[in-house]
Amino acid sequence: MKVLGVETSCDETAAAVVVDGEQVLSSVVSSQVDLHAAFGGVVPELASRAHVELLTPVIAEAMLEAGVEGRDLGAVAATVGPGLVGSLLVGLSAAKALALVWGVPFVGVNHLEGHIYAAFLEEPDLEPPLVVLLVSGGHTMLIAMEAHGRYRLLGATLDDAAGEAYDKVARYLGLGYPGGPAIDALALEGDPSAIDFPRGLLREGYDFSFSGIKTSVVTYVRKHPSVGTADVAASFQEAVVDVLVTKAQRAAAEIGATGIVLGGGVAANSRLRERILDACIADGLRAFLPSRAMCTDNAAMIAAAGWWRLRSDGPTPLGAGADPGLGLPLITT
Ligand code: KG4
Ligand code: ZN
């Protein structure tokens, strides 16, 4: 079944056509980064207006590239949350209208679940239980995935998300927005052991804390104004990745996972990918790493998650609204 995915939760306008939740026929992403860069972050009102302008051409391009028409599709899936409400409404309304016109089911998709399913686009044969490390600009979660759609929360950030810490530190270092890719690139030229930044909650449980390291970076640079920015970037990144990998590895051992799944924008980070791969090799685990393009916001992951949700829950009623604060559906028993 071919599913059209639509993603407009934040500042990327995206559409994709995916077969059976795994084969990507097309994935078009129009980034609004330049539009928001001057403001140092996403401006919600500008984002929704840009989605209105960009969405129709982006969907048309995705359909054309995939060589499909409306009648070839089995469903239209769109992100319902979490995200910016105005932005979500643009994609959601377009997806519902298209589903209605083409007479195919509509599926509302949780953006966080989309990030998890990005990992299965390239390696669909998942074998639960798995540990999922979901690290984006708004979330940092360690999850035990017991089966498709069955998630148990092991830990989450108590303050800043990992991507948020990257963005804030990058802004402080004058590296611009978005900060993650800038720090990732600059860190390649620095010494990761130059500065011993704190590893928050490293040995305690599965929760995370990244606000301390952000403050440490500021304090350190103030005290040592001549320090090389590349060394600061590399040392900051090493501390963040250390905590993420240590906890994911410990969780995988504790729940007897067959592998570790990475998801979210920070999963594009080269050092995190390298260290997770090393950890998986050392412990005989499988590493499910989405390709870099599938880590940051895109619609192929939404089409994939939508295909799975359609199989398990059926279509979403057209009356369903956007849910800006939507969380991942968790099992608690
Ligand atoms: O998943 P995403 O595209 O949007 C959200 O749902 O939040 O994640 C965006 C976050 C930003 O904080 C960005 O700085 C971070 O992912 N990011 C990275 C890298 N690429 C994107 N962080 C570290 N290294 C990267 N290469
Ligand atoms: Zn995202």
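1. Between domain 1 and domain 2 of this predicted model, the count of salt bridges is 0, where a salt bridge is a side-chain nitrogen of Lys or Arg within 4 Å of a carboxyl oxygen of Asp or Glu. The count of residue pairs in polar contact between the two domains, with both residues at pLDDT 80 or more, is 7; a polar contact is a pair of N or O atoms within 3.5 Å, of which, within protein, one must be able to donate a hydrogen and the other to accept it, while residues adjacent in sequence count only if both atoms are side-chain atoms.

2. The elements that give two or more residues to the side of domain 1 touching domain 2 are α1 (33-37), α4 (111-122), α10 (292-295) and α11 (300-313), and α4 gives the most, with 4 residues. Helices (H or I, at least four residues) and strands (E, at least two) are DSSP runs, numbered from the N terminus.

3. The domain assignment, which is automatic or taken from a database, gives domain 1 as 2-116 + 294-313 and domain 2 as 127-292. Contact, meaning heavy atoms within 4.5 Å, joins 17 residues of domain 1 to 22 residues of domain 2.

4. The two domains bury about 1,500 Å² between them, 68% of it on carbon and sulfur atoms; buried area is the accessible area (1.4 Å probe) that two parts lose on being put together, summed over both. Of the area that domain 1 buries against domain 2, Leu 112, Ile 116 and Cys 295 supply 41%, more than any other three residues.

5. Pro 82 lies in the loop between β4 (75-81) and α3 (85-102), whereas Pro 129 is found in the loop between α4 and β6 (130-135).

6. Asp 20, in the loop between β2 (12-19) and β3 (23-31), has a phi near 50 degrees, which is a positive value in a residue other than glycine.

7. On conventions, residues are numbered from 1 along each chain as its sequence is written, and chains are lettered from A and ligands numbered from 1 in the order in which they are written. Local features need pLDDT of at least 70 and side-chain atom pairs count only at pLDDT 80 or more, while totals for chains, interfaces and linings use all residues, and side-chain values use heavy atoms, with hydrogens and water left out.
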